[in-house]
Amino acid sequence: MFQAALAAACHNPVLKPVAQHLEMRGKPHKLVIVANARRLVTIANAILKTGVPWRQNPVT
């Protein structure tokens, strides 16, 4: 998950701003990556639970 979160922090349009915000607040790099990993786990769990594919822009 750490490697996936590392890539997502650089390239995922949803998770990249979250990582940038945490870094601007002065959080350590490893904490930012672990926070993104936790978000990825939450997203994956929601996808598995609902069976709905992930969308970059959720329908509200």
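Leaving aside neighbours within four places in sequence, Leu 40 is in contact with Met 1, Ala 4, Ala 5, Ala 8 and Leu 15, where contact means heavy atoms within 4.5 Å. The model described here is predicted, so local features need pLDDT of at least 70 and side-chain atom pairs count only at pLDDT 80 or more, while totals for chains, interfaces and linings use all residues. Residues are numbered from 1 along each chain as its sequence is written, and side-chain values use heavy atoms, with hydrogens and water left out.

Leu 40 also belongs to the largest nonpolar core, which has 11 residues in all. A nonpolar core is a set of buried Ala, Val, Leu, Ile, Met, Phe, Trp, Tyr and Cys residues joined through side-chain atoms within 4.5 Å. Its members are Ala 5, Ala 8, Ala 9, Leu 15, Val 18, Ala 19, Leu 22, Val 32, Ile 33, Ala 37 and Leu 40. At least two residues of this core come from each of helix H1 (2-11), helix H2 (15-24) and helix H3 (29-50). Burial is judged by relative accessible area: buried means under 20%, exposed over 50%, and partly exposed in between (1.4 Å probe, protein chains only). Of the 60 residues of the protein chain, 22% count as buried.

The protein chain has 3 helices and 0 strands, and read along the sequence its pattern is α-α-α. Helices (H or I, at least four residues) and strands (E, at least two) are DSSP runs, numbered from the N terminus. The C-alpha trace of the protein chain spans about 35 × 25 × 15 Å along its principal axes. Among contacts in the protein chain with a separation of 6 or more, 53% are accounted for by residues 24 or more positions apart.

Next come the helix pairs. Two packed helices are described by the angle between their axes and the distance between the axes. Here axes are lines fitted to C-alpha atoms, for helices over the stretch in contact, and angles run from 0 to 180 degrees between N-to-C directions. Angles under 35 degrees count as roughly parallel, over 145 as roughly antiparallel, 65 to 115 as roughly perpendicular and the rest as oblique.

For H2 and H3, the axes come within 10 Å and cross at roughly 150°, which makes H2 roughly antiparallel to H3. The crossing of H2 and H3 is right-handed; a crossing is left-handed if the near helix is turned anticlockwise from the far one by less than a right angle, and right-handed if clockwise. On the H2 side the contact is made by Leu 15, Val 18, Ala 19, Leu 22 and Glu 23, and on the H3 side by His 29, Val 32, Ala 35, Asn 36, Arg 39 and Leu 40. By class, this contact of H2 with H3 has 7 nonpolar, 2 polar and 2 charged residues. In these classes, Ala, Val, Leu, Ile, Met, Phe, Trp, Tyr, Cys and Pro count as nonpolar, Asp, Glu, Lys and Arg as charged, and the others, Gly among them, as polar.

The axes of H1 and H3 come within 8 Å and cross at roughly 100°, and the two helices are therefore roughly perpendicular to each other. H1 contributes Phe 2, Ala 4, Ala 5, Leu 6, Ala 8 and Ala 9 to the contact, and H3 contributes His 29, Ile 33, Asn 36, Ala 37 and Leu 40. The contact of H1 with H3 has 9 nonpolar, 2 polar and no charged residues.

H1 and H2 pack at an angle of about 90°, with their axes 6 Å apart, so H1 is roughly perpendicular to H2. Ala 8, Ala 9 and Cys 10 of H1 meet Leu 15, Lys 16 and Ala 19 of H2 in this contact, which divides into 5 nonpolar, no polar and 1 charged.

A few single residues round out the picture. Asn 36, in helix H3, counts as buried at 0% relative accessibility. Leaving aside neighbours within four places in sequence, Asn 36 is in contact with Ala 5, Ala 9, Leu 15, Val 18 and Ala 19. Ala 35, also placed in helix H3, is partly exposed, with a relative accessible area of 26%. The C-alpha atoms of Ala 35 and Val 18 are separated by 9.1 Å. In helix H1, Cys 10 is partly exposed at a relative accessible area of 45%.
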